[in-house]
Amino acid sequence: MKETIVKATRWKLGWELSLNSGGLTQVRTLARAEQQVRDYLDTVEPATDHSDWPITIIPDIGEVRSELEQAQLAVSSAKIAQVEAGQRMRGVVRQLRAEGLSIADTACILGVSKGRVSQLVN
């Protein structure tokens, strides 16, 4: 199994796919790029099974790449923050309930529904 890195460059009829092994093929949409690369590899090396080879498509999108990476980092950070917030909220709910507050009072304090408090407790 050999990793194949593919640089995808836009052209008027779709994308040109340049393989790290030196091969070159084209595809209409990026959604079909991975399968096109497998088909190409199967054509040039018919005796090899390429179905499980890892293929990484790297679209050449110019300066937008930096913005994309920053956006992806922000999404990743938000997911981590959401998990941490949930853990903290569950801790607060446990503390309030341990102090004897009702589900209704806990919900009022937190600004959530009673059902949400029950979910957080469990």
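**Salt bridge and helix packing**

The structure holds one salt bridge. The model is predicted. In this bridge, the side chains of Arg38 and Glu34 meet, with an N to O distance of 2.7 Å. Side chains of opposite charge can pair when their charged atoms come close. Both residues belong to helix α1, which covers residues 33-44. Arg38 and Glu34 lie four residues apart in α1, so about one helical turn separates them. Glu34 has a relative accessibility of 37% and so counts as partly exposed.

Helix packing was examined next. Two packed helices are described by the angle between their axes and the distance between the axes. Helix α2 spans residues 64-98, and helix α4 spans residues 114-121. These helices pack at an angle of about 100 degrees. Their axes are 9 Å apart. Angles of 65 to 115 degrees count as roughly perpendicular, and α2 and α4 are therefore roughly perpendicular to each other. From α2, the contact involves Met89, Arg90, Val93 and Arg97. From α4, Val117, Leu120 and Val121 take part. Of the residues in this contact of α2 with α4, five are nonpolar, two are charged and none is polar.

Confidence was considered last. The protein chain has a mean pLDDT of 95. In this chain, 99% of residues reach 70 or more. Confidence is highest in strand β2 (residues 14-19), at a mean of 98. Confidence is lowest in α4, where the mean is 93.

Terms used. Residues are numbered from 1 along each chain as its sequence is written. This is a predicted model: local features need pLDDT of at least 70, side-chain atom pairs count only at pLDDT 80 or more; totals for chains, interfaces and linings use all residues. Side-chain values use heavy atoms; hydrogens and water are left out. Axes are lines fitted to C-alpha atoms, for helices over the stretch in contact, and angles run from 0 to 180 degrees between N-to-C directions. Helices (H or I, at least four residues) and strands (E, at least two) are DSSP runs, numbered from the N terminus. Angles under 35 degrees count as roughly parallel, over 145 as roughly antiparallel, 65 to 115 as roughly perpendicular and the rest as oblique. Contact means heavy atoms within 4.5 Å. Ala, Val, Leu, Ile, Met, Phe, Trp, Tyr, Cys and Pro count as nonpolar, Asp, Glu, Lys and Arg as charged, and the others, Gly among them, as polar. A salt bridge is a side-chain nitrogen of Lys or Arg within 4 Å of a carboxyl oxygen of Asp or Glu. Buried means under 20% relative accessible area, exposed over 50%, partly exposed in between (1.4 Å probe, protein chains only). pLDDT is the predictor's confidence in each residue, from 0 to 100.
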